[in-house]
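User: I have a structure open that I have not seen before, and I would like to walk through it with you. Could you take my questions as they come?

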There are 2 protein chains.
Amino acid sequence: MSASPRAANTKTAILDVAERLVQRRGFNAFSYGDVAAELGITTAALHYHYASKSELGESLITRYAATFEGALQAIDATAEEPPAKLAAYCDIYRRALAGHRMCLCGMLAAEFETLATPMRDAVVGFFEENERWVAGLLESGREAGGFSFAGTAQRSARMVIAALEGAMLVARPYGDLEMFDEVAGRLLSDFAPA
Amino acid sequence: MSASPRAANTKTAILDVAERLVQRRGFNAFSYGDVAAELGITTAALHYHYASKSELGESLITRYAATFEGALQAIDATAEEPPAKLAAYCDIYRRALAGHRMCLCGMLAAEFETLATPMRDAVVGFFEENERWVAGLLESGREAGGFSFAGTAQRSARMVIAALEGAMLVARPYGDLEMFDEVAGRLLSDFAPA
DNA sequence: GTCTATAACGAGATAGAC
DNA sequence: GTCTATCTCGTTATAGAC
């Protein structure tokens, strides 16, 4: 065993801890000290892997977006109908909330004005990609007859994402997963054909 | 600057500046120094008016909730029909977004885990009050025939608030007011009778 | 790759003069 | 009611030893 595999593990472990802290407390409310203490290393070691907090933030978003994209492709790969796929999409958000986490990019959207440009661009990119995917799903569902809605698919996609991000935001203070389910359930039934 | 006529209203001026900073940057990303510098006073003077940052935060939410409540009563006092009242409700959020601001309590909801108990309670109280008001409006609209929706009014009210908070959250990074309008417009048309 | 040590700064908060 | 001065602590970040 060389020393290299260990390095990759530490990098990943840092991302894991930082990701959870950002999703729960926000980017401006976690510190290198928090992450270092939890991993049993020093902040200096942390700076070896991620030179600056902004750099760590960029890596956080990049990995999160890639994981999210993977989840979307997994949904696409199922033989389910569009309504079931939309439900699966809602469930991605639900699982984060069940872990007392906000969507990473939803949290960063709140703190948007305090972020460096590279992080801002990455956050916007995440939402654009999601909007594109949801719009595609809605459109194919409308063509297949599983969905019914007025206006453009893009407009409805924005509604879906806004409602889900907002549901997480508001349900978390209540500590009420059922409140999220109510919003998601209502969202799904809104697209059901009459 | 020392002869500012604002001197007698320092407490209010502090709230004004702090409120804008929290709505734009978040509670954890503004400091006594930021507020003091903008007002041309020292942080020591600030501590005279608000002994701690948490105390300032509580006053911020209390005033915000009262102002919001006043806006709701103003809507109630109009002779408009429920759909027009719901549109007016959406417009409260829209005006904040036009000023590049998140809803104060939406921002604090993101930072919820980092807040002291009194601030948490005040944030939850704000959302409960809003949910109550919107549910009442939806119910009276359904009875009068201006609205049509399935399920309980409370459930639909949660959907409305989640969508509006989420629309603000997601639209702000884009700097796109029209994106908020799309979500709000879709929300309003969803409640229109078939 | 991780450590010790420390720099450099900003934060919230307090004491006491005016 | 506001000031100067100061305290204490936490933060990001760097230098250099191991």
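User: What pattern does chain A follow along the sequence?
Analyst: This is a predicted model, and in it chain A reads α-α-α-α-α-α-α-α-α along the sequence, which comes to 9 helices and 0 strands.

User: And what box do the C-alpha atoms of chain A fill?
Analyst: Taken along the principal axes, the box is roughly 60 × 40 × 30 Å.

User: Which residues of chain A meet in a salt bridge at 3.7 Å?
Analyst: The side chains of A:E19 and A:R63 do, with 3.7 Å from N to O. Because A:E19 lies in helix α1 (residues 4-25) of chain A and A:R63 in helix α4 (residues 53-77) of chain A, this pair ties together parts that are 44 residues apart in sequence.

User: How many salt bridges are there over all chains?
Analyst: Searching the whole structure gives 26 of them over all chains, and across the interface of chain B and chain A the rule finds 6.

User: Can you show me one across the interface?
Analyst: A:R158 forms a salt bridge with B:E182, and their closest N and O atoms are 3.0 Å apart.

User: Which helices of chain B supply at least two residues each to the side that touches chain A?
Analyst: They are α1 (10-25), α6 (104-110), α7, α8 (153-174) and α9 (177-190) of chain B. It is α8(B) that gives the most to this side, with 15 residues. Sorted by kind, the residues of the side of chain B that touches chain A are 23 nonpolar, 7 polar and 13 charged.

User: How much area is buried between the two chains?
Analyst: About 3,900 Å² is buried between chain B and chain A, and carbon and sulfur atoms give 62% of that area. Within chain B, the residues that lose the most area to chain A are B:E113, B:M159 and B:R186, which together make up 18% of what that side buries. The contact itself takes 43 residues from chain B and 43 residues from chain A, and 12 residue pairs between the chains are in polar contact.

User: What follows α7(B)?
Analyst: The residue after α7(B) is B:G145, and the phi of B:G145 is positive, near 95°.

Methods: Residues are numbered from 1 along each chain as its sequence is written. Chains are lettered from A and ligands numbered from 1 in the order in which they are written. This is a predicted model: local features need pLDDT of at least 70, side-chain atom pairs count only at pLDDT 80 or more; totals for chains, interfaces and linings use all residues. Side-chain values use heavy atoms; hydrogens and water are left out. Helices (H or I, at least four residues) and strands (E, at least two) are DSSP runs, numbered from the N terminus. Contact means heavy atoms within 4.5 Å. Buried area is the accessible area (1.4 Å probe) that two parts lose on being put together, summed over both. A salt bridge is a side-chain nitrogen of Lys or Arg within 4 Å of a carboxyl oxygen of Asp or Glu. A polar contact is a pair of N or O atoms within 3.5 Å; within protein, one must be able to donate a hydrogen and the other to accept it, and residues adjacent in sequence count only if both atoms are side-chain atoms. Ala, Val, Leu, Ile, Met, Phe, Trp, Tyr, Cys and Pro count as nonpolar, Asp, Glu, Lys and Arg as charged, and the others, Gly among them, as polar.
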